[in-house]
Amino acid sequence: MAQQGDEHYLTTAEVARRLQVKPETIYSYVSRGHLTSVRARGRRGSLFAASEVERLAGRSVEHPGVVERIETELTLLRDDELYYRGHSVRDLVETQTVESVAHLLWTGQLEPTAFVAEPALVDLARASIAVAPATARKVDQLRIAVAVLGAADPLRFDLARESVVAAARGLLGVLIEALPGPAGGGSVGDRLWPKLSTQPVKPGLLGAALILLADHGLAVSTIAARVAASSRANLYSVVSAGLGALDGQYHGAAPTLAYQFLDRALQDPVQVLSDRLRSGESIPGFGHRIYERRDPRAEVLFGLMAGEPILEQLTAITSKVPAFPNSDLAVAAMMHAYDFHPDAGEALFAIARIVGWTAHALEEYAEPGLRFRALGVYTGRDGDL
């Protein structure tokens, strides 16, 4: 029961209008502790303290500065280990499929699901990819297909969780099937394999890589995806925003740079390392901004490639570098070991990260809209004011 006069409280509908969200989102705020509901006096429904609502609204577009801390229940990086919603990624690789891990990130539940590819949409995506120039990379083809598939979905503006999850499952299924290359069968990773490699499938390896790369906290592409979601952009636009940020040389290009470095280092590791050190350039595939002693994703991938000759060659290289190998080097080693296309690493990274971007978009849809508003500080010359 509210202890003050009701004029100090707002109804659910009034709060929804003030925060520019759907009424059901209000109850999400309550469950997450952002708002406190009280029972209305003499009528049905809940009330919310106006002062508390205004504090929450202050995190939206009226907020004069950037949101510096983003609450997320998705990914934890602690003690050089990686967890999705409290589950060790090492355990998930051993016991779960790509689809079930995606469902975990999207809904919090480990349940069997499927990335279903509607044939008509696969044909549409292939037709759009076919228009791309011969110089287009696989990640370029993905970007084109996502834009076209979004334009073809009349229900793309439905941002209800179940609708977004269904759209993400369909989008991933179509993208994997539509990429140029022979059709694969079996698991998601095994279906993707012939699109990226000319060698026979190594069962489970690509699926493990997709799980390991699905999310990694608030990386730059994930921030881009969340900013798009904060404007209530649809899933396809959110993914397009993530793909745009992923295309930078400091982010999505990292597996390709590690692949190119490893290509040279396998021939003459001492000379290649000497050249990098002399130029002052960092060595691709080594070290990390967050991990201090090891990258668990790299350890898992190397373990799955046990017995491959390339691992012996890698030892000669890693022994001469003071930093530890990261997931980019592990992906590059996998690409060399199984004759992947040179641009396969970026495509693998992009497809995996669509899972994470979707999860972050779902979180962002439950937050106040347009909350990412940085305060611009003008430093140019004065004009005629």
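**Entry 1. Leu-370 and the model**

I began at Leu-370, which counts as partly exposed because its relative accessibility is 43%; the classes are buried under 20% relative accessible area, exposed over 50% and partly exposed in between, with a 1.4 Å probe and protein chains only. I note that this is a predicted model, in which local features need pLDDT of at least 70, side-chain atom pairs count only at pLDDT 80 or more, and totals for chains, interfaces and linings use all residues. Residues are numbered from 1 along each chain as its sequence is written, and side-chain values use heavy atoms, with hydrogens and water left out.

I placed Leu-370 in the segment after helix 18; helices (H or I, at least four residues) and strands (E, at least two) are DSSP runs, numbered from the N terminus. I read its phi as near 55°, a positive value in a residue other than glycine. Most residues other than glycine have a negative phi.

**Entry 2. Asp-80**

I then looked up Asp-80, which also has a positive phi, near 60°. I found it in the loop between strand 4 (75-78) and strand 5 (81-84). Asp-80 is classed as buried because its relative accessible area is 6%.

**Entry 3. Helix 17**

I asked how many residues of helix 17 are buried. The count is 11 of 11, so I recorded the helix as mostly covered. Among the buried residues are Ser-327, Asp-328, Met-334 and His-336. I found them packed against helix 10 (205-213), helix 13, helix 15 (296-304), helix 16 (309-318) and helix 18, where contact means heavy atoms within 4.5 Å.

At the N-terminal end I recorded Asn-326 as the cap, with a side-chain oxygen 2.9 Å from the backbone nitrogen of Asp-328. After helix 17 I noted Asp-339, with a positive phi near 55°.

**Entry 4. The largest pocket**

I recorded a volume of about 1100 Å³ for the largest pocket. A pocket is, on a 1 Å grid over the protein atoms alone, an open set of points where a 1.4 Å probe fits, with protein on both sides within 12 Å along at least five of seven lines; lining residues have an atom within 4 Å of a point. The volume is the space filled by probe spheres set on the points, which are joined across faces, edges and corners.

I counted 35 lining residues, with Tyr-250, His-251, Ala-254, Arg-289 and Asp-328 nearest the centre. Helix 13 (254-265), helix 17 (327-337) and helix 18 (344-365) each give two or more residues to this lining, and helix 13 gives the most, with 7. I noted the lining as 16 nonpolar, 12 polar and 7 charged; Ala, Val, Leu, Ile, Met, Phe, Trp, Tyr, Cys and Pro count as nonpolar, Asp, Glu, Lys and Arg as charged, and the others, Gly among them, as polar.

**Entry 5. The second largest pocket**

I recorded about 520 Å³ for the second largest pocket. Of its 21 lining residues, I listed Thr-25, Arg-161, Leu-362, Tyr-365 and Ala-366 as the closest to its centre. Helix 2 (23-31), helix 5 and helix 18 each supply at least two residues. I noted this lining as 9 nonpolar, 4 polar and 8 charged.

**Entry 6. Ser-100**

Ser-100 counts as buried because its relative accessibility is 4%. I found a polar contact of 3.1 Å between its side chain and that of Gln-96; the term denotes a pair of N or O atoms within 3.5 Å, and within protein one must be able to donate a hydrogen and the other to accept it, while residues adjacent in sequence count only if both atoms are side-chain atoms. Leaving out residues up to four places away in sequence, I listed Gln-109, Leu-110, Glu-111 and Thr-113 as touching Ser-100.
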